[in-house]
Amino acid sequence: MERSKSRYAEALKLVRKILTQLKEVWQYSDSQPTEITLAGALAVLFPIATYLEIGYAPIIQMPAIVAGLYQLYCVSGDCINCRVRASFITFCFYAVGAVLYLYKGYYWQGASYWGWILLTFSSFGSLKRIKKEQLHRNNG
Amino acid sequence: MDNTTQIVITAITLLGSAGIWKYAEARLRVKAELKKEEKSESDTVLYRDDLKKRVEEMDVALKEANKELLALTEKVAKLETENTFLRREIDILKSK
């Protein structure tokens with residue numbers, strides 16, 4: 001009984017440690033690869049997927065390509081203010097995409113559509129990380 | 001989906017996203033400020049600042065002391081020369 005209790009405590013400790021480390025990595029790791037992935041997906045995947053599944057929506061699909069390319073440009077330039085701006089725009093586009101899919105009721109048709117929610121959270125996390133970096137740089 | 005619906009959904013989502021981001025940004029700012037204050041009030045930082053101040057004061061004092069030393073050396077040199085001349089004059093007067 002005692003042995004199983006200590007094992008349970010050890011496992012709990014390990015899980016807590018892993019969760020803390022994951023949180024640290026999520027908050028402070030370099031976000032450029034995520035930004036590039038999100039920007040690429042916004043410029044290529046977003047317009048195609050929304051066109052095929054939602055229909056022709058020029059006010060969303062056309063600017064999405066520009067926004068994706070703009071974020072790629074910002075990441076390549078390493079200007080932190082530009083990156084914050086571009087990440088915010090990307091987050092807005094993914095949020096719009098997620099809401100459009102919700103409006104169409106796709107989330108109840110298949111779990112693969114939930115990827116849009118994942119992308120929205122991912123872009124928001126990325127935005128928060130860059131903002132933290134910006135504040136850290138400004139505060140010295 | 002017609003254009004009006006698209007525009008309405010986009011506008012509402014954009015406003016919502018902007019609101020969420022404003023809130024998150026404000027929280028991040030407050031946290032960063034608190035961290036900065038904590039950092040500036042910590043003992044290590046206070047000790048470092050005190051040491052910096054003392055080093056600066058000592059640097060100023062050292063420069064002043066150097067100047068005074070230079071002035072004193074000059075005075076001693078002058079007095080030595082004067083002394084030599086006076087001794088010579090005394091010797092001349094004695095010999096007369």
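Predicted model: local features only at pLDDT ≥ 70, side-chain atom pairs only at ≥ 80, totals over all residues.
View 1. As for the labels, residues are numbered from 1 along each chain as its sequence is written, while chains are lettered from A and ligands numbered from 1 in the order in which they are written.

**View 2. Here's helix 3 of chain A, end to end.** Its 20 residues reach 28 Å from the first C-alpha to the last. That's close to the 28 Å expected at 1.5 Å a residue (the expected span is 1.5 Å times one less than the number of residues). Helices here are DSSP runs of H or I with at least four residues, strands are E runs of at least two, and both are numbered from the N terminus. Chain A has five helices and zero strands.

**View 3. Now for the buried residues of helix 3 of chain A.** They are A:Ile60, A:Ala64, A:Ala67, A:Gly68, A:Gln71, A:Cys74 and A:Val75. Buried means that 20 or more other C-beta atoms, placed from the backbone, lie within 10 Å of the residue's own. What covers them includes helix 2 (32-53) and helix 4 of chain A, along with helix 1 (3-41) of chain B. Across chain A, 29% of the 140 residues count as buried.

**View 4. This is where chain A touches chain B.** On chain A, 18 residues are in contact with 15 residues of chain B (in contact means that the C-beta atoms, placed from the backbone, lie within 7 Å). Helix 4 of chain A gives the most to chain A's side, with eight residues. That side divides into 13 nonpolar, two polar and three charged residues. Nonpolar covers Ala, Val, Leu, Ile, Met, Phe, Trp, Tyr, Cys and Pro; charged covers Asp, Glu, Lys and Arg; the others, Gly among them, are polar.

**View 5. Helix 5 of chain A packs against helix 1 of chain B.** The angle is about 35° and the axes are 10 Å apart; axes are lines fitted to C-alpha atoms over the stretch in contact, and angles run from 0 to 180 degrees between N-to-C directions. Residues making this contact include A:Lys128 and A:Leu135 of helix 5 of chain A, and B:Glu25 and B:Leu28 of helix 1 of chain B. By class, the contact has four nonpolar, one polar and six charged residues.

Key. Contact = placed C-beta atoms within 7 Å. Buried ≥ 20, exposed ≤ 12 C-beta atoms within 10 Å, placed from the backbone.
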